[in-house]
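This report concerns a predicted model.

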2 protein chains.
Amino acid sequence: MARDATGIVAGQGALPRLLAAHLADTGRPGVVAALPGVAAEGFAGLPVLAARYEKLGRLFADLRGQGVGRVVLAGAIDRPALDPRALDLTTMRAAPRVMRALRQGDDALLRVVVGLVEEAGFAVIGAHELMPALVLASGPAGRHRPAAADMEDIARAEAILDALGQADLGQAAVVAGGLCLGVETVQGTDALLAFVAATEARHRRGGRGVLVKRPKPGQELRVDMPAIGPDTVAGAARAGLAGIAVAAGGVTVLDRAATVAAADAAGLFLWATDPAP
Amino acid sequence: MARDATGIVAGQGALPRLLAAHLADTGRPGVVAALPGVAAEGFAGLPVLAARYEKLGRLFADLRGQGVGRVVLAGAIDRPALDPRALDLTTMRAAPRVMRALRQGDDALLRVVVGLVEEAGFAVIGAHELMPALVLASGPAGRHRPAAADMEDIARAEAILDALGQADLGQAAVVAGGLCLGVETVQGTDALLAFVAATEARHRRGGRGVLVKRPKPGQELRVDMPAIGPDTVAGAARAGLAGIAVAAGGVTVLDRAATVAAADAAGLFLWATDPAP
């Protein structure tokens, strides 16, 4: 049997359904494996399997049975509560590695999960490989463009993120007039922008400021790409920023049409920078 | 005439008056030069001159006339509004350097100010050189001590600050259970702690977390030392942290008795780490 179907292992959020719609629209075969807590509806008519972490062997066999050769892991995954009595052999064999990774953090856990799927004979691809329109090409997206002062702020934010990357930290930073107004920590980009909106007024010396978001060095982009969306634009507007710069090809834009429209309406630029040479 | 008096160039805040009281208590001669906006009262009976930025030549001559040989620059300084018609020759000669530094940022400005005072024939000393009790020796100050997990969080925060130092950023960071919950930006430590208090709950995996504060690499400690005080302890307590770690000899503790008492009462450790070897 040909294994030309794409399997979407679906966590929380809009992305899995967006990918399902994209497969359906482009007439390609696909199967959805809905993780616990994910409703089976809204997947553009694709077949939906109920996936359980305790039964990875069953999940892999079902996907193979549906002709799946490549898998996209999409959407947010909560740390699951497992029923230890229900583990199948594949999950049981994986358990020690998963337990070790759980202690090491999210990055380690994702690498283990990718490894398990690959060992089961599937190719793991990123959502942006299935649907290239999820990421931006370098240059402007939307009507507005960064001014020279904004480009300086972008460069300063990138230098800060370069430094933070050495400590395995930092997907985003806000810089205005050369001053750093905030660095993203585990609370995420929306919390960073709310902090800037609440605190920056008396520190902004000139320039409106920019949000720069990009992957950390070595980040596993197939399963863990930074993302922005309409909420990011709204948060940046509330923080009084001039715009948002992301790494070309390295940041998912959720609901691209709405994101660009929101930036255009708010007078913000949305700009994709080339990767460092 | 002997120039054995200490001149306190006094900006805003409690530190200048603390230094004046320390000079008076230890029976050493001192003179205060109160910058614009600083009330002339509360300087423990020391003579108080009114300093104007426009009249630096006059200020230096007055200090020399009072037998001042060394100068402490203490307290916060707002960026002053100058009356260009009132400049004396010394200020006029310094103006181009000051203007350039103003564009480069606070660090550059402080270096120029130190240079001007030194060129006028004074030694510039740090507040902690006049009053060593302003900084902590390594080890615990107060009743509580960091647990092993706290020491790991301290080490992680120091690694993050090491990385940030390369981008000339970062006097403080909060880490809990290995996760970074916040990095200090231009808004300061109190804003950082308020951010952590408001956002961290669902991200704290284990460990209560620590605030680590220390100078940036190359920071001019004579005139720009990081500081903590009772407010820092209150903010750390509101953020649910286990304690505060500072660089031994590198962070001013404002109102030490009250700061240690607040940490003891709140169950927080106050710990001074040795400088990196």
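Residues are numbered from 1 along each chain as its sequence is written, chains are lettered from A and ligands numbered from 1 in the order in which they are written, and side-chain values use heavy atoms, with hydrogens and water left out.

**Interface of chains A and B**

Contact (heavy atoms within 4.5 Å) links 25 residues of chain A with 26 residues of chain B. The two chains bury about 2,100 Å² between them, of which 63% lies on carbon and sulfur atoms; buried area is the accessible area (1.4 Å probe) that two parts lose on being put together, summed over both. On the side of chain A that touches chain B, the elements giving two or more residues are α6 (148-165), β8 (179-183) and α7 (189-199) of chain A. Helices (H or I, at least four residues) and strands (E, at least two) are DSSP runs, numbered from the N terminus. The count of salt bridges between the chains is zero, a salt bridge being a side-chain nitrogen of Lys or Arg within 4 Å of a carboxyl oxygen of Asp or Glu.

**Strand pairing**

Two strands pair if DSSP finds at least two bridges between them.

| Strand | Partner | Sense | Bridges |
|---|---|---|---|
| β13(A) | β6(A), residues 139-140 | antiparallel | two bridges |
| β13(A) | β11(A), residues 243-247 | parallel | five bridges |
| β7(B) | β9(B), residues 210-213 | antiparallel | four bridges |
| β7(B) | β8(B), residues 179-183 | antiparallel | four bridges |

Strand β13(A) spans residues 269-273, and five of its five residues are buried, meaning under 20% relative accessible area (1.4 Å probe, protein chains only). A:Phe269, A:Trp271 and A:Thr273 lie on one face, with A:Leu270 and A:Ala272 on the other. A:Ala272 is opposite A:Gly139, while A:Thr273 is the bridge partner of A:Ala247.

In chain B, strand β7(B) (residues 172-176) likewise has five of its five residues buried. One covered face carries B:Ala172, B:Val174 and B:Ala176, and the other B:Ala173 and B:Val175. B:Ala172 stands opposite B:Lys213 in β9(B), and B:Ala176 has B:Leu179 in β8(B) as its bridge partner. A hairpin with two residues between the strands is formed by β7(B) and β8(B), and B:Gly177 in the turn has a positive phi of about 55 degrees.

Conventions. This is a predicted model: local features need pLDDT of at least 70, side-chain atom pairs count only at pLDDT 80 or more; totals for chains, interfaces and linings use all residues. Buried means under 20% relative accessible area, exposed over 50%, partly exposed in between (1.4 Å probe, protein chains only).
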